[in-house]
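Student: Please take me through one part of this model closely. I want the packing of a helix pair, with its surroundings.

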Amino acid sequence: MADRVHLPITDELGVRDDVREEVRDEPAVLGLDDPWRDRAPRPDRAVSCIMADSLYVKANGEMPCWCDSGEDLILETLSVEQLMDPAFDVFNHPRIQQIRAAFHDEDRYPFPDVCRRCAMVDPDAPRNRSRYRSHIDTLHVESSWLCNLDCPLCIPRAERKRLKDPPFHVEPSLWIALVHNLKMHGVQSVRMLHFEGRGDPLMHPHLGHLAKVFHLSYPDAIIQATTNGNFPFRDDLFEGGLTHLRISADGAREESYQRYRRGGKLAKVLRFMRDAVECRARLGLEDRVHIEWKYILFEWCDSDEEMLEAYGLARDLGVELSFCLTPWDGKSARFDSESLAAKLEELMPLAQNRPTRHIELGLDKPAAEAASGLP
Ligand SMILES: C[S@@+](CC[C@H](N)C(=O)[O-])C[C@H]1O[C@@H](n2cnc3c(N)ncnc32)[C@H](O)[C@@H]1O
Ligand code: SF4
């Protein structure tokens, strides 16, 4: 599954005045004109969207239409009572069935004004006319709406509690009821549970517990958390069954790192990574747990020298490094997808690092594959 970028935030959530200009151009960057225009309908392929096979649940129980332009389209607000009701099937919710039918049966957008601006639309997906599903691709969960940092393109930290109703962390009872609902209604497998959303998942006081409840029900699922890593590392994450810890840290030098990750400290993040690697070894989980440093190349942290420093740090720590591009304010002026792939080919032998990955707006491939154009 491709990795997606879901910033910047929308006006309704309060875009900061200092980034408003750049955000205004967003639909032109992400917009799909009309994915049906130049193609004859094919019985086996359809325009689709991640929401046809996935769910996104926010910290306060809201279930929006994914975390891109659909973030403000709340399909349902979940409660424990509803999830425990045998008549309520969350994954085959009537509004999700409508999304499936629109894309897979009726060849149209379910919400034209919103879908047209959404990065989650896939113009060439396998067609599945059934309105019912029993396999979840991605269960995306915003375990916490709060964050300890104040990155300029994200929700302003001081505004968070004003912009959303509590609870600000997923309630354990809601979580247990959600997993119960999936089991009760025959969801056989979940490819990935991803703790991310628009806050920092590690702000949740019991993230390891949430992971464990899920892992006991779906032991084969990938369980991923994406965090800024400005926390003391807690063993209960790996004990709870987390398989992929992804740490967003954009820069190999304190000064460039703090330019975007306001309120954070690179030294703290590196310590977090080191403790995570140490815990993984102590628990004998090297084959199961993947620790990834996600480095967004902004114009102030994209020099060869700093990228090589990051490779050096990643090698010493024993984590995998992924360089990513952003289409928004501060984006690297040096790289597009192709030139980054070429640069990584050039730098990797110098860095003697393990293989790195290259992620950009839906592109999530090992660098060698990206460079060779292989699928
Ligand atoms: C809102 S963050 C929440 C998770 C966590 N707090 C973090 O920062 O990784 C969700 C995702 O957006 C990414 N992100 C943050 N700022 C970005 C930017 N300016 N451009 C592209 N992606 C960005 C983060 O790296 C993360 O993968
Ligand atoms: S660390 Fe993540 S959630 Fe926090 S402000 Fe930055 S991008 Fe937003």
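Tutor: Start with the classes: Ala, Val, Leu, Ile, Met, Phe, Trp, Tyr, Cys and Pro count as nonpolar, Asp, Glu, Lys and Arg as charged, and the others, Gly among them, as polar. The model is predicted: local features need pLDDT of at least 70, side-chain atom pairs count only at pLDDT 80 or more, and totals for chains, interfaces and linings use all residues. Residues are numbered from 1 along each chain as its sequence is written, and chains are lettered from A and ligands numbered from 1 in the order in which they are written.

Now the helices (DSSP runs of H or I, at least four residues, numbered from the N terminus, as are strands, which are E runs of at least two). Helix α7 spans residues 172-184 and helix α8 residues 207-217. They pack at about 15 degrees, axes 10 Å apart. Therefore α7 is roughly parallel to α8 (angles under 35 degrees). Axes are lines fitted to C-alpha atoms over the stretch in contact, and angles run from 0 to 180 degrees between N-to-C directions.

From α7 come Pro-172, Trp-175, Ile-176, Val-179 and Lys-183. They meet His-209, Leu-210, Val-213, Phe-214 and Ser-217 of α8. Contact needs C-beta atoms, placed from the backbone, within 7 Å. By class, this contact has seven nonpolar, two polar and one charged residues.

Next, the strands. β7 (residues 189-195) pairs in the parallel sense with β6 (residues 135-141) over six bridges, and with β8 (residues 222-227) over four. Pairing takes at least two DSSP bridges. Ile-136 stands opposite Val-190; Met-192 stands opposite Ile-222.

How values were computed
Parallel < 35°, antiparallel > 145°, perpendicular 65-115°, else oblique. Contact = placed C-beta atoms within 7 Å.
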